[in-house]
Amino acid sequence: MTPVCPFVKAARPDDNNASKKSGENSMKHQVESESKVKKEVNDSASASPKCPFGYDSQTFKIGPLSCMVCQALLFDTSKCVPCSHVFCKACVSRFKDCPLCGADIVKIEPDADLQGVVDRFIEGHARIKRSVSSDKGEEAAESKQVIYEDVSLERGSFLVQQAMRAFRAQNLESAKSRLSLCAEDIRDQLEKDGNTSELCSQLGAVLGMLGDCCRAMGDASSAVSYFEESVQFLSKLPNDDLEITHTLSVSLNKIGDLKYYDGDLQAARSYYFKSLNVRRDVVKQNSNIPSQVLDVAVSLAKVADVDRNLGDEKLATDGFQEAIDLLESLTLKSEASGLEQRRQSVLGFLRSQLPDTQEQAEPTV
């Protein structure tokens with residue numbers, strides 16, 4: 001699963017130009033926000049944001065509605081008997097002893113009441129601002145409007161955060177449930193506002209995460225459906241956003257992987273080739289960004305591997321050689337050690353695929 005929240009734009013490590021542009025936009029947005037806040041402060045009293053359970057924009061703590069195993073909000077809440085400690089069912093089912101106190105687990109019982117509280121908490125966590133005015137006669141005329149500012153993460157970000165925590169802990173049903181809620185919210189917003197770039201980008205990323213969940217659960221058919229829908233929304237967006245084009249190409253590759261493992265090599269090649277074209281178009285405009293060049297080399301390798309399995313050895317060899325030439329001509333800065341390690345790893349694989357260089361091939365890092 002992609003570790004970047006689709007509701008927060010984050011440039012890739014070496015995307016200098018993109019980072020600069022993103023930084024400028026962020027600074028502009030920050031200045032505008034500060035001006036707006038200052039205006040509100042002048043017109044009203046301001047209340048410090050605070051969520052009683054710690055789910056706010058600045059910090060995150062494990063509260064009474066969280067599972068201590070996956071560190072996300074409880075899902076399918078279950079209680080250990082006899083100690084009564086609560087966890088997600090999928091999390092606690094892996095243990096014979098309570099993960100919190102060590103007591104023997106005699107049985108596990110559902111806790112519908114606590115799960116209801118969690119569900120209501122999630123439903124109410126969409127509030128960002130609330131205006132409160134006094135209704136006490138003369139005081140009302142003189143009192144300033146009270147603005148309760150950001151009390152939590154925006155609902156979409158909040159749900160994705162919880163899904164990512166659950167996914168990392170292999171609580172896949174929980175992750176899928178949170179992402180499904182998030183997708184529903186975005187679809188509702190799309191009906192109201194139309195296909196805006198921001199909403200299409202967010203939905204495309206969330207659908208890709210749902211595809212990751214289904215793939216991890218062994219549901220290849222649903223995974224393909226989610227990835228294809230992700231591609232559908234991401235394809236509507238301008239190709240000048242590097243994060244969007246990267247997500248688009250990754251979704252195409254993931255469909256190709258699923259088709260490949262299902263034995264449908266022609267379909268796999270089609271999706272790999274579409275991803276390759278997306279990445280080539282990006283490199284034409286961003287040839288100075290090493291990670292984009294590495295992405296092209298990886299796509300070339302995927303297409304070439306399928307060509308070999310389809311029996312076209314010459315086409316496969318040409319593809320591997322093109323990828324090798326691309327990476328050998330790539331110049332990396334000394335501080336880009338992570339990219340260099342990845343470059344050497346991909347080169348090692350590519351060289352091992354050429355018959356006349358197998359003995360000289362570098363080991364995969």
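This is a predicted model: local features need pLDDT of at least 70, side-chain atom pairs count only at pLDDT 80 or more; totals for chains, interfaces and linings use all residues.
Local features here require pLDDT of at least 70 and side-chain atom pairs pLDDT 80 or more, whereas totals for chains, interfaces and linings use all residues. Residues are numbered from 1 along each chain as its sequence is written, and side-chain values use heavy atoms, with hydrogens and water left out.

I begin with helix H7, residues 197–216. Helices are DSSP runs of H or I with at least four residues, numbered from the N terminus. H7 reaches 29 Å from its first C-alpha to its last, close to the expected 28 Å; the expected span is 1.5 Å times one less than the number of residues. Of its 20 residues, 16 are buried, where buried means under 20% relative accessible area, exposed over 50%, and partly exposed in between, with a 1.4 Å probe and protein chains only. Just after H7, Gly218 takes a positive phi of about 85 degrees.

I turn now to the salt bridges. A salt bridge is a side-chain nitrogen of Lys or Arg within 4 Å of a carboxyl oxygen of Asp or Glu. The count comes to 13.

Asp212 is buried at 3%, while Arg215 is partly exposed at 35%. Together with Lys254, Asp212 and Arg215 form a network of salt bridges.

Finally, Arg351 and Glu328 form a salt bridge at 2.7 Å. This pair links distant parts of the chain, helices H13 and H12, 23 residues apart. Arg351 is buried at 18%, and Glu328 is partly exposed at 43%.

Terms used:
Helices (H or I, at least four residues) and strands (E, at least two) are DSSP runs, numbered from the N terminus.
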